[in-house]
Amino acid sequence: MSDAEQPTAAEVRAAAEAVKTALDRHLAAVERRTGEDDPAVHAAFNDLAAAAEEYDELLYERYDEVTPFDIPDADDGLPPYTGPDEPSALSVLIRRDYAVAEPRRLLSQAQRIADHERGGAAPPGSGAGAQGVVGDSVHAALGVLFGEYEADEVASRHKEFGLEEGDSTLWVVAAEEPPEPGEWLDAPFEDADPGLVVCRFDMSAVFDEDPDDHDDRELDGVMDLDEDAAEGLGGHQEHRGRV
């Protein structure tokens, strides 16, 4: 950016003063709040977020520096929430991607599970040993694996099963009331309405950042976990949407 396009030092200073004013107004609104959903607090919060974002941008453009604040974008990749204020039911929608990095390991582990379940013996009248349960079929191995373990356990032990983690996302979706038993089984993800998402949690290697690369320092619509939490995510940082 040329010097002519850069904000002036006075503009940066004015933006900093605006943050200070917004902080005072936010604290005053919180001190006078009338309840959990006080509109004055929400308005003050939005004003503070806008002021902090403006200051962050001007500071970066003028001095190539950033603030320690992590301001969620108003457009966080989700549409405005349209669900009930006090949901009496919820759905948890999860997607986890894996690469079958070591097929032989997957087949071996699945066969071990099958052998254990069958006690190492063929079922009566099958004419086949336990070795035939999985064979060389990755489909069969995955069926055995996910039939034996909960999805969370597979996620925590994925390397043991020859899998490599990809992206994952978890959506908590609000509802007015629980669905009837069996109601959505034919199309379980058909009603995944982003407008009903109370909160979402995403993990992806795309969120890993080079700390020296300020051009890509920010991703829209997400709030970073703290550094200690990110270190425990196996190279896949987690970002959180509307909370």
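**Entry 1: a salt bridge to start**

I began with Arg157, which pairs with Glu153 in a salt bridge whose closest N and O atoms are 2.7 Å apart. The term means a side-chain nitrogen of Lys or Arg within 4 Å of a carboxyl oxygen of Asp or Glu. I noted that this is a predicted model, where local features need pLDDT of at least 70, side-chain atom pairs count only at pLDDT 80 or more, and totals for chains, interfaces and linings use all residues. Residues are numbered from 1 along each chain as its sequence is written, and side-chain values use heavy atoms, with hydrogens and water left out.

I then looked up how open the two partners are. Arg157 is partly exposed because its relative accessibility is 22%. Glu153 is partly exposed too, at 31%. For these words, buried means under 20% relative accessible area, exposed means over 50%, and partly exposed lies in between (1.4 Å probe, protein chains only). I also found a network of salt bridges that links Glu153, Arg157 and Glu160.

How many salt bridges does the structure hold? I read off eight. Side chains of opposite charge can pair when their charged atoms come close.

One of the eight joins Asp152 and Arg96, at 2.7 Å from N to O. Asp152 sits in helix 5 (residues 151-156) and Arg96 in strand 1 (residues 89-100), so this pair ties together parts 56 residues apart in sequence. Helices (H or I, at least four residues) and strands (E, at least two) are DSSP runs, numbered from the N terminus. Arg96 is partly exposed, at 30% relative accessibility.

Next I checked Glu102 and Arg105. Their salt bridge has its closest N and O atoms 3.5 Å apart. Glu102 has a relative accessible area of 38%, so it counts as partly exposed. Arg105 is also partly exposed, at 38%.

**Entry 2: the core**

Which residues make up the largest nonpolar core? I counted 12 in all, among them Leu106, Ile113, Val144, Tyr149 and Phe161. Such a core is a set of buried Ala, Val, Leu, Ile, Met, Phe, Trp, Tyr and Cys residues joined through side-chain atoms within 4.5 Å. Helix 3 (103-118) and helix 4 (138-148) are the elements that give two or more residues to this core. Helix 3 gives the largest share, four residues.

**Entry 3: surface patches**

I turned to the surface. A patch of negative charge gathers Glu176, Glu177, Glu180, Glu183, Glu190, Asp191 and Asp193. Patch residues have over 30% relative accessible area and no salt bridge; like charges are joined within 9 Å, and nonpolar side chains (Val, Leu, Ile, Met, Phe, Trp, Tyr) within 5 Å. Asp191 lies in the loop between strand 2 (163-175) and strand 3 (197-204). Asp191 is exposed, at 62% relative accessibility.

Leu90, Val92 and Ile94 make a nonpolar surface patch of about 270 Å². Accessible areas come from the Shrake-Rupley method with a 1.4 Å probe. Leu90 is found in strand 1. Leu90 is exposed, with a relative accessible area of 56%.

**Entry 4: distances along and across**

Glu165, in strand 2, is 66 residues from Ala99 along the chain, yet their C-alpha atoms are separated by 6.6 Å. Glu165 is partly exposed, at 26%. Phe201, in strand 3, is 107 residues from Ile94 in sequence and 9.6 Å away in space, C-alpha to C-alpha. Phe201 is partly exposed, at 22%.

Note on methods:
Lys and Arg count as positive and Asp and Glu as negative; His and the chain ends are not counted. The place of a charge is taken as NZ of Lys, CZ of Arg, CG of Asp or CD of Glu.
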